[in-house]
Amino acid sequence: MDLRDLDRAHLIHPITEFRKHEEKGPSIVTGGEGIRIRTSDGETLIDGCSGLWNVNVGHGRREIADAVAEQMRDVAYYPGFWEFSTEPAIRLAERLANLFPAASKLDHFVFTTGGSEANETAFRLARTYHAVRGDHGRQKIVSRAHAYHGITRAAGSATRLPAYHIFATPDPLHVEAPTSYCFRCALGKNYPECELACAEEVEATIIREGPDTVAAVIAEPVLGTGGVIPPPDGYFEKLREVCDRHGVLLILDEVITGFGRTGRWFGMDTYDVHPDLVTFAKGITSGYLPLGGVGLSRPVYESLRDDSPQGLPFMGGLTYNNHATCCAAAHANIDIIEREGLVDNSAKVGAYLLDRLRETFGDHPLAGEIRGVGLMTAIEWSKPGGTEPAGAGPMTHPAAIASEARKRGLIVRALWECLAVSPPLCTTREEADEMIGILSESVAAVDA
Ligand SMILES: Cc1ncc(COP(=O)(O)O)c(C=O)c1O
């Protein structure tokens, strides 16, 4: 059997219909360089999604492969349990303590293999933090409508996109509050006259549930899978105040926004907010190996240390916590981000890309909103003057455009009524222009 048939016969692909996949078969990726990937069909495609918002340094970086091979030759892995440690994990924790803003006081870290696990761990830490202080009732996690926090049980329950709950009802300890989505404000208000009523609604949710039952609020600095939705000015300041007023921990999910995506190192730099716990993944290794993690602010760490009863260990514990080789990949990846100034490039090329999107599609009658920050941009499509979906028939409008773009050599992602364009942080202006050219042709093809 050829590879394509073997794939059809044995491999399952997420977010892909079983039947359709068997009919159509896979695109087999064989290599890549910079913002492009190659397939076994001889195609070269622009990766306008950075994989899944994670390939921040672009494809084909041999120095990460070399760093990984070198680490594996020394010690590939040893559990991070008990007193055991490895140099790459120690140095990565120290490096992150310096990369996160000093005012955040984030200075203790535990590494996981991805974002869902990071969020699971953060929830466990938040509950433990309250419990060791005698607040055993604080078990609930508040997350916001349109949030994506992963797919495992607790992270999947914090995810508030109904499509992910079809056969997986969220855990009742997870509670939903409205989000800061001005284009489709669930409260029917307009910014700034609304005075950030959506943040007040998070507070109303905490009060309704009973503050002594709520452990944490989790929020993405920019909602990613929900449709690339940056917050209105002042939102996170207010959310921080709400959490403080009720003794609730604020967890920032920086799984997408971390490591330069928003044009600053972290979303918390962009929105000037300091969480109690931060979760991250994706861009920390640019996908060269799986890695995620949780950062704890100094006060949270100290409370866990000082208030835990004698003899009670932290009952986290994943086989691959603090994985030496994955941490080595993170170092090589962060070296590239620093050396090539990719955070700055994300800000500059991101602003340019957003301008070009607005200039090219701003007058399109179905382009409801064109928004973004850094290299996280999107067009939300809707019927003129409103928020009704632009598409008709089985395929959404953005899915039709993404499909046309794919035929023309560009991968972009349709998310509900949005078309997300988020190429690697090494994208040049010329490459941004190339993407705009393909998108123009693709939109014209759908219009026709
Ligand atoms: C904001 C956010 N949090 C968490 C996750 C889950 O990460 P993973 O897929 O690595 O488990 C994702 C994945 O897309 C994400 O976008």
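**Helix contacts, ligand shell and domains**

Author: In this predicted model, A199, V202 and E203 of helix α8 meet Y235, K238, L239 and V242 of helix α9.

Reader: How do the residues of the contact of α8 with α9 divide by class?

Author: The α8 side consists of A199, V202 and E203, and the α9 side of Y235, K238, L239 and V242. Since Ala, Val, Leu and Tyr count as nonpolar while Glu and Lys count as charged, the contact of α8 with α9 divides into no polar, two charged and five nonpolar residues.

Reader: Is α8 roughly parallel or roughly antiparallel to α9?

Author: The axes of α8 (residues 197-209) and α9 (residues 235-245) come within 9 Å and cross at roughly 20 degrees, and the crossing is right-handed. Angles under 35 degrees count as roughly parallel. The crossing angle therefore makes α8, relative to α9, roughly parallel.

Reader: Which term describes how α6 and α11 lie to each other?

Author: Helix α6 (residues 115-132) and helix α11 (residues 298-307) have axes that come within 9 Å and cross at roughly 50 degrees, in a left-handed crossing. Angles under 35 degrees would count as roughly parallel and those from 65 to 115 as roughly perpendicular. The term for α6 and α11 is therefore oblique.

Reader: Which residues in α11 do T128, Y129 and V132 in α6 meet?

Author: The residues of the contact of α6 with α11 divide by class into four nonpolar, two polar and one charged. On the α6 side stand T128, Y129 and V132, and their partners in α11 are V300, S303, L304 and D307.

Reader: Which element gives the most to the shell around the ligand?

Author: The ligand is surrounded by 16 residues, the closest being G114, G115, S116, G150 and V255. By class, this shell has nine polar, five nonpolar and two charged residues. With three residues, the element that gives the most to the shell is α6.

Reader: How many residues does the contact between the domains take from domain 1 and from domain 2?

Author: The domain assignment gives domain 1 as 34-57 + 341-447 and domain 2 as 65-339, and their centres, taken over C-alpha atoms, are separated by 27 Å. The contact takes 28 residues from domain 1 and, from domain 2, 24 residues.

Reader: What is the make-up by class of the side of domain 1 that touches domain 2?

Author: Among the elements that each supply at least two residues of this side are α3 (50-53), α13 (342-361) and β11 (367-373). By class, the side of domain 1 that touches domain 2 has three charged, 10 polar and 15 nonpolar residues.

Definitions and conventions
Residues numbered from 1 in each chain as written. Predicted model: local features only at pLDDT ≥ 70, side-chain atom pairs only at ≥ 80, totals over all residues. Axes fitted to C-alpha atoms, helices over the stretch in contact; angles between N-to-C directions. Helix = DSSP H or I, 4+ residues; strand = E, 2+ residues; numbered from the N terminus. Parallel < 35°, antiparallel > 145°, perpendicular 65-115°, else oblique. Left-handed = near helix turned anticlockwise from the far one by under 90°. Contact = placed C-beta atoms within 7 Å. Near = placed C-beta within 6 Å. Domains from an automatic or database assignment.
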